[in-house]
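Have the structure open beside you as you read.

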Amino acid sequence: MKRLFPVFGLLTGVLLSYALYLALVVAPTEQTMGDVQRIFYYHVPSAWTAFLLFFINFVASVVYLIRRNMKADVVALVAAEIGVVFCTVVLVTGPIWARPVWGIWWTWDLRLTLTLVLWLIYVSYLMLRRFSSSGQTPQIAAVLAVLGALDVPLVYFSIWFFRTQHPQPVIGGGGSIDPRMLHVLLINWAAFSCLAALMFWSRYRLEVLKREVEDTQALEALLETPRGSR
Amino acid sequence: MTYLYAAYFATWAIHIGYAIYLIGQYSRLRDEMKDLQSRK
């Protein structure tokens, strides 16, 4: 697996470069918004990738709560962390796109607000994992993750069921998209999914190593403690 | 075009920032592992 990592990294780099070229050069210019619409090729795939990672976090948290499996706990933590990275991209690129198109950076529209709440839920999850020293932290975090995941379908379907400032979905929501734009969108999503997989792989290995080192340090500290003071 | 480049730049800044954070964590962990091995 270690040998595959650089190969996968190289392929991801090539795919991301190709996706960038498609987004900036090949994709047709949208008639109403002009070139600024190309933010779409980074904004939407980042949102889809974040949703996917939060879903992985949800499944891993359920598995952890049922089986107390440590691998599931690591998967949940890593998925939440990388999900927050992608959700941050969504929350940053969205206002940059909104400013020239809507004339405002932000509005307390349902979808935007729910996306911000989603980000805050998973940041809270990561803070809990980082700063709580209780032995029950993984269980509490898993419960928070299961409850937090309820916000994902709310974010996704908010534009279907409520009138919002945010545009309708481009796929499956009655909206239409030029096939060339759809092609570029899907290539960008594939590229960002590969990047997320690469980050996941690195972060998973890091977390496993970190836990091994912490266990060894704890064992050493126990062995070094004089008998009388135990 | 400024907004477009700003959005793309921000995206890569976030991803590169996270990659730098991971590299920092790896190097810190490597030091701790060396320290543990030297104490054996």
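Is A:Arg203 buried or exposed? In this predicted model, A:Arg203 has a relative accessible area of 5%. Buried means under 20%, so A:Arg203 counts as buried. To find A:Arg203, look in helix H7 of chain A. Now see what surrounds this residue. Leaving out residues up to four places away in sequence, A:Arg203 touches A:Leu77, A:Val78, A:Glu81 and A:Ile82, along with B:Tyr18 and B:Leu22 from chain B. Take A:Val78 from that list: 125 residues separate A:Val78 from A:Arg203 in sequence, yet their C-alpha atoms are 6.3 Å apart in space.

Let's step back to chain A as a whole. Chain A has 7 helices and 0 strands, so its pattern along the sequence reads α-α-α-α-α-α-α. Its C-alpha atoms fill a box of roughly 80 × 40 × 30 Å along the principal axes. Of its 230 residues, 43% count as buried. Consider also the contacts between residues at least 6 apart in sequence: 74% of these join residues at least 24 apart. The accessible surface of chain A comes to about 12300 Å², and carbon and sulfur atoms account for 68% of that area.

Next, look inside. In soluble globular proteins, nonpolar side chains tend to be buried together. Here the largest nonpolar core has 60 residues, and the members that touch the most others are A:Tyr41, A:Ile82, A:Phe86 and A:Tyr125. Two or more residues come from each of helices H1, H2, H3, H4, H5, H6 and H7 of chain A, and also from helix H1 of chain B. Helix H3 of chain A gives the most, with 13 residues.

Finish with helix H6 of chain A, which covers residues 151-161. Which residues of this helix are buried? They are A:Asp151, A:Val152, A:Val155, A:Ser158 and A:Ile159. Seen down the axis of H6(A), these buried residues fall within an arc of 140 degrees, so they line one face of the helix. The cover over them includes helices H2, H4 and H5 of chain A.

Key. Residues numbered from 1 in each chain as written. Chains lettered and ligands numbered in written order. Predicted model: local features only at pLDDT ≥ 70, side-chain atom pairs only at ≥ 80, totals over all residues. Heavy atoms only, no water. Helix = DSSP H or I, 4+ residues; strand = E, 2+ residues; numbered from the N terminus. Buried < 20%, exposed > 50% of the residue type's maximum accessible area, 1.4 Å probe, protein only. Contact = heavy atoms within 4.5 Å. Areas by Shrake-Rupley, 256 points an atom, 1.4 Å probe, with all protein chains shown as cover. Arc of directions from axis to C-beta. Core = buried A, V, L, I, M, F, W, Y, C linked by side-chain atoms within 4.5 Å.
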